[in-house]
Amino acid sequence: MEPEENDRRELRELSDVRRPSAAELIALLPLESRQDRSYAYWASKQLQPHSAWWWKPLSSAVMGTVTTAMSLFLHLGFHRVITVDLHKLTDVVEDPLRDRPVITIANHESTMDDPVMWGVLPARMRWRPSTMRWTLGARELLYRSPATNAFFALGQTIPTVRGDGIYQLAMEIAMRRLAENQWLHVFPEGRVNQTDRLLRLKWGVGRMVMESERTPVVIPMVIRGMREVLPMYQPVPLPRPNPFSSVFYMRVGDPIDFTQQLAEWKTARENLATEDERDALDEAVRIAIVDRMWDSLDKLKSDSNGAMAAAGLLPKIHI
């Protein structure tokens with residue numbers, strides 16, 4: 001068995017029994033090069049961000065600066081910036097009485113969807129890490145040097161290794177943030193999709209909902225306009241908004257309530273005699289949860305198409 005595969009197996013075994021400690025998770029990471037050690041350091045800080053006094057001010061500086069720049073990018077580079085029902089997100093995230101985590105899910109039109117989409121948030125949220133999202137990002141694209149390790153870690157972007165499945169370090173970091181009732185954003189398609197149909201959603205987001213200590217508030221979102229600004233496979237991979245014609249559109253949907261579904265799953269699980277039966281039930285419920293998310297996103301996309309067509313915006317962004 002290869003070392004990396006063995007590490008993933010060990011992490012899965014730890015995850016199956018209990019939530020592993022930060023030390024156990026970090027111990028599985030290689031430390032051979034300077035980049036390896038830097039990555040391990042910032043991963044350990046993401047596991048326990050409150051352990052360092054300097055985390056909050058530096059994270060605030062990174063998050064606030066980047067999202068403010070994205071706000072300027074949207075309002076100077078696009079002809080129109082349209083948000084629909086943004087309050088369905090901001091009201092939940094900023095609610096001082098909220099006692100559950102928040103998971104937002106969205107379609108994925110370009111490699112710049114995050115952070116561009118957060119430029120529409122009010123400034124009061126953008127400079128406060130507690131009211132900003134954590135998100136999952138491809139490690140091989142983002143965490144490539146000690147400098148980018150620090151930048152993306154402080155920017156609350158969790159390094160995900162494609163192909164490592166739902167039992168990996170990134171998922172444990174995400175679960176810890178959900179245990180603190182924080183906001184986690186996910187592009188559940190798993191990759192950029194510039195076609196008109198949603199891809200099959202990844203199961204990892206289903207695991208987050210099922211294993212969270214408190215049932216998350218799941219909020220679907222649809223964005224439009226980024227695939228025209230940053231199409232895939234262009235010779236120079238830079239955004240090209242047209243201030244005279246480009247349209248950015250974001251619509252927030254109604255929360256998806258999984259409370260009853262999860263309660264029924266837990267009750268049914270207690271009545272099963274074997275681990276194989278419980279595993280089969282877990283898989284079926286995870287699929288059902290992800291299917292509900294797909295249905296919600298697909299409907300939101302259809303509704304957005306209709307609204308944009310009625311407003312005469314649909315031809316401009318070729319949906």
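Let me begin with a convention: angles between axes count as roughly parallel under 35 degrees, roughly antiparallel over 145, roughly perpendicular from 65 to 115, and oblique for the rest. The axes themselves are lines fitted to C-alpha atoms, for helices over the stretch in contact, and the angles run from 0 to 180 degrees between N-to-C directions. Helices (H or I, at least four residues) and strands (E, at least two) are DSSP runs, numbered from the N terminus.

What you see above is a predicted model, in which local features need pLDDT of at least 70 and side-chain atom pairs count only at pLDDT 80 or more, while totals for chains, interfaces and linings use all residues. Residues are numbered from 1 along each chain as its sequence is written, and side-chain values use heavy atoms, with hydrogens and water left out.

I will start with the helix pairs. The axes of α11 and α14 come within 9 Å and cross at roughly 110 degrees, and the two helices are therefore roughly perpendicular to each other. Contact here means heavy atoms within 4.5 Å, and α11 brings Val205, Gly206, Arg207, Val209 and Met210 to it, facing Asp282, Val285, Arg286, Ile289, Val290 and Met293 of α14. Counting Ala, Val, Leu, Ile, Met, Phe, Trp, Tyr, Cys and Pro as nonpolar, Asp, Glu, Lys and Arg as charged, and the others, Gly among them, as polar, this contact has 7 nonpolar, 1 polar and 3 charged residues.

Helix α14 (residues 275–310) also packs with α13 (residues 259–270), at an angle of about 170 degrees and with the axes 10 Å apart, which makes α13 roughly antiparallel to α14. Among the residues in that contact are Trp265 and Arg269 of α13, and Arg278 and Leu281 of α14; by class it divides into 7 nonpolar, 1 polar and 5 charged.

Arg278 deserves a moment of its own. Leaving aside residues up to four places away in sequence, Arg278 touches Arg269, Leu272 and Ala273, and a polar atom of its side chain lies 3.0 Å from the backbone oxygen of Leu272.

On a 1 Å grid over the protein atoms alone, a cavity is a set of points where a 1.4 Å probe fits but cannot get out, whereas a pocket is an open set with protein on both sides within 12 Å along at least five of seven lines, and lining residues have an atom within 4 Å of a point. Grid points are joined across faces, edges and corners, and a volume is the space filled by probe spheres set on the points.

The largest pocket holds about 1,300 Å³ and is lined by 47 residues, with Leu136, Gly137, Ala138, Arg162 and Gly190 nearest its centre. Its lining divides into 24 nonpolar, 14 polar and 9 charged residues.

And how many cavities of 30 Å³ or more are there? The count comes to 1, with a volume of about 60 Å³, and of its 12 lining residues the closest to the centre are Asn107, Glu109, Asn193, Thr195 and Lys301.

How values were computed
A polar contact is a pair of N or O atoms within 3.5 Å; within protein, one must be able to donate a hydrogen and the other to accept it, and residues adjacent in sequence count only if both atoms are side-chain atoms.
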